[in-house]
Amino acid sequence: SAPAAPRQRRRGGGPGVRCWRGAEARAGLGFRPPAHSHSDWIGPPDKHSNLRPIIFYVPPDESALERRLREARQEAQASNQRFWARHNRAFRQEKEEFIYSRLKAKGLELRDESGQKATLNAEEMADFYKDFLSKNFKKHLQYNRDWYKHNFRITFLMGQVALVRALRRQNW
């Protein structure tokens with residue numbers, strides 16, 4: 001089945017951004033924008049990273065500088081995807097282990113007699129969240145440094161591309 005009609009949003013004077021929906025989008029497989037599209041396409045959140053993937057539009061007359069900008073954006077997206085997928089996987093695993101160990105210490109099972117999943121109270125979970133954040137502080141600090149590097153590079157390239165385009169419009 002074909003995905004539902006895309007929604008189009010405009011960014012500050014730039015090309016449109018389209019969102020895709022439907023079974024292909026949810027599966028994250030096989031989606032390709034239509035050949036006539038001149039927009040970046042943004043998908044639904046990834047099930048591992050919770051980030052929305054982007055398929056970047058590649059104009060047929062893309063300059064070397066524009067290609068560098070697009071590739072920098074793709075590299076930043078891939079880096080973010082890898083970090084958050086790993087981080088979320090570790091978070092879920094450590095959370096399950098924490099809950100299991102606390103329930104076991106209380107002499108409880110993962111499921112109660114009615115089959116419902118046993119839970120911990122907010123204070124107990126707050127201990128887990130605090131410990132997890134403390135344990136991963138250096139990873140988050142490095143991620144933030146890398147994020148700023150990516151974004152400064154992208155911003156610099158965007159400025160260069162905007163300047164070249166403005167000069168081109170002025171016939172320089």
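This is a predicted model: local features need pLDDT of at least 70, side-chain atom pairs count only at pLDDT 80 or more; totals for chains, interfaces and linings use all residues.
Let me start with the nonpolar surface patch, which Trp147, Tyr148 and Phe152 make together and which covers about 370 Å²; patches here consist of residues with over 30% relative accessible area and no salt bridge, with like charges joined within 9 Å and nonpolar side chains (Val, Leu, Ile, Met, Phe, Trp, Tyr) within 5 Å.

Residues are numbered from 1 along each chain as its sequence is written, and side-chain values use heavy atoms, with hydrogens and water left out.

Trp147 lies in helix α4 and counts as partly exposed because its relative accessibility is 36%, where buried means under 20% relative accessible area, exposed over 50%, and partly exposed in between, with a 1.4 Å probe and protein chains only. Helix α4 comprises the 33 residues 137-169, which at 1.5 Å a residue should span 48 Å, and its end C-alpha atoms are 47 Å apart, in agreement with that; the expected span is 1.5 Å times one less than the number of residues.

Which residues of α4 are buried? They are His140, Tyr143, His150, Ile154, Leu157 and Val161, and what covers them includes α2, residues 64-105. Just after α4, Asn171 takes a positive phi of about 65°.

Turning to the chain as a whole, we have 4 helices and 4 strands, in the order β-β-α-β-β-α-α-α from the N terminus on; these are DSSP runs numbered from the N terminus, helices being H or I of at least four residues and strands E of at least two. Buried residues make up 26% of the 172 residues, and of the contacts (heavy atoms within 4.5 Å) between residues at least 6 apart in sequence, 45% join residues at least 24 apart.

Finally, Asp40 sits in strand β3, residues 40-42, and is classed as buried because its relative accessible area is 5%. A polar atom of the Asp40 side chain lies 2.8 Å from the backbone nitrogen of Tyr57, and the side chains of Asp40 and Arg73 are joined by a polar contact of 3.4 Å. A polar contact is a pair of N or O atoms within 3.5 Å; within protein, one must be able to donate a hydrogen and the other to accept it, and residues adjacent in sequence count only if both atoms are side-chain atoms.

Key:
Accessible areas come from the Shrake-Rupley method with a 1.4 Å probe; for residues, only the protein chains shown count as cover. A salt bridge is a side-chain nitrogen of Lys or Arg within 4 Å of a carboxyl oxygen of Asp or Glu.
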